[in-house]
Amino acid sequence: MGEYRVLEVKQSVFASNEKEADKLRADMKEKGTLLINLMSSPGSGKTTTLLRTIDALKNRLSIAVMEADIDSDVDAAAIATTGARAIQLHTGGMCHLDAAMCAQGLEGLAAGDSDLIFLENVGNLVCPAEFDTGAGVNVTILSVPEGDDKPLKYPLMYQVCDLVLVNKIDVAPYFDFDLDKLRKNVAARNPHARVIPLSAKTGEGMDAWYEWLCERVAAWKAER
């Protein structure tokens with residue numbers, strides 16, 4: 001019988017990506033720009049949250065946005081209405097961004113000396129969590145209609161996040177959603193992740209999110 005080799009391609013791909021991610025993170029640290037990887041399922045309110053955030057912080061922080069989608073430029077066009085620099089990234093059918101793709105996006109964005117750059121990742125609770133984008137912070141949005149059990153069903157997403165935004169809290173009375181149970185489920189996956197309930201539509205709870213962002217940007221710059 002002939003001989004054959006077994007090549008662990010998946011491990012190799014992840015290892016290569018981690019090197020790229022570490023390099024990108026170091027570059028962003030040197031520039032004093034915080035890159036935030038914003039992840040969630042489709043329809044959770046990522047773009048709406050960003051629109052309100054940019055409007056609220058435009059006099060405090062210089063913000064730019066990279067929008068990632070399989071196709072269309074709907075989200076980038078929406079962000080552009082705020083006056084913030086924005087770029088649309090098409091993934092060619094891929095359900096995530098990796099560090100090399102993110103680096104290409106940053107080059108195209110040409111955001112200069114921005115304090116904060118958001119990467120709105122592809123709407124998906126699986127693939128984006130598997131690939132380090134080189135971001136300094138990972139944020140996950142979970143909307144009330146999705147249910148409080150998502151951390152149990154998609155563990156890796158909550159294991160890699162630094163913050164969980166619970167969006168659409170204004171409609172909680174109309175859904176079978178338990179915020180305390182959600183907090184426990186998040187803590188079971190990641191005891192260090194903070195949970196902030198809010199409504200990007202009504203503005204409820206958004207101030208806590210804004211202050212968290214400003215604190216993280218300040219800390220990122222201080223670590224240079």
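1. Basis. This is a predicted model; local features need pLDDT of at least 70, side-chain atom pairs count only at pLDDT 80 or more, and totals for chains, interfaces and linings use all residues. Residues are numbered from 1 along each chain as its sequence is written, and side-chain values use heavy atoms, with hydrogens and water left out.

2. Strand β2. Strand β2 spans residues 63-69. Strands (E, at least two residues) and helices (H or I, at least four) are DSSP runs, numbered from the N terminus. Seven of the seven residues in β2 are buried. Buried means under 20% relative accessible area, exposed over 50%, and partly exposed in between (1.4 Å probe, protein chains only).

3. Two faces. In a regular strand the side chains alternate between the two faces of the sheet. In β2, Ile-63, Val-65, Glu-67 and Asp-69 point one way. Ala-64, Met-66 and Ala-68 point the other way.

4. Neighbours. Two strands pair if DSSP finds at least two bridges between them. β2 pairs with β4 (residues 116-120) in the parallel sense, over five bridges. There, Ile-63 has Leu-116 as its bridge partner. β2 also pairs with β3 (residues 85-90) in the parallel sense, over six bridges. Asp-69 stands opposite His-90 of β3.

5. Helix α4. Helix α4 covers residues 99-109. Its buried residues are Ala-99, Met-101, Cys-102, Gly-105, Leu-106 and Leu-109.

6. After the helix. Just after α4, Ala-110 takes a positive phi of about 50°.
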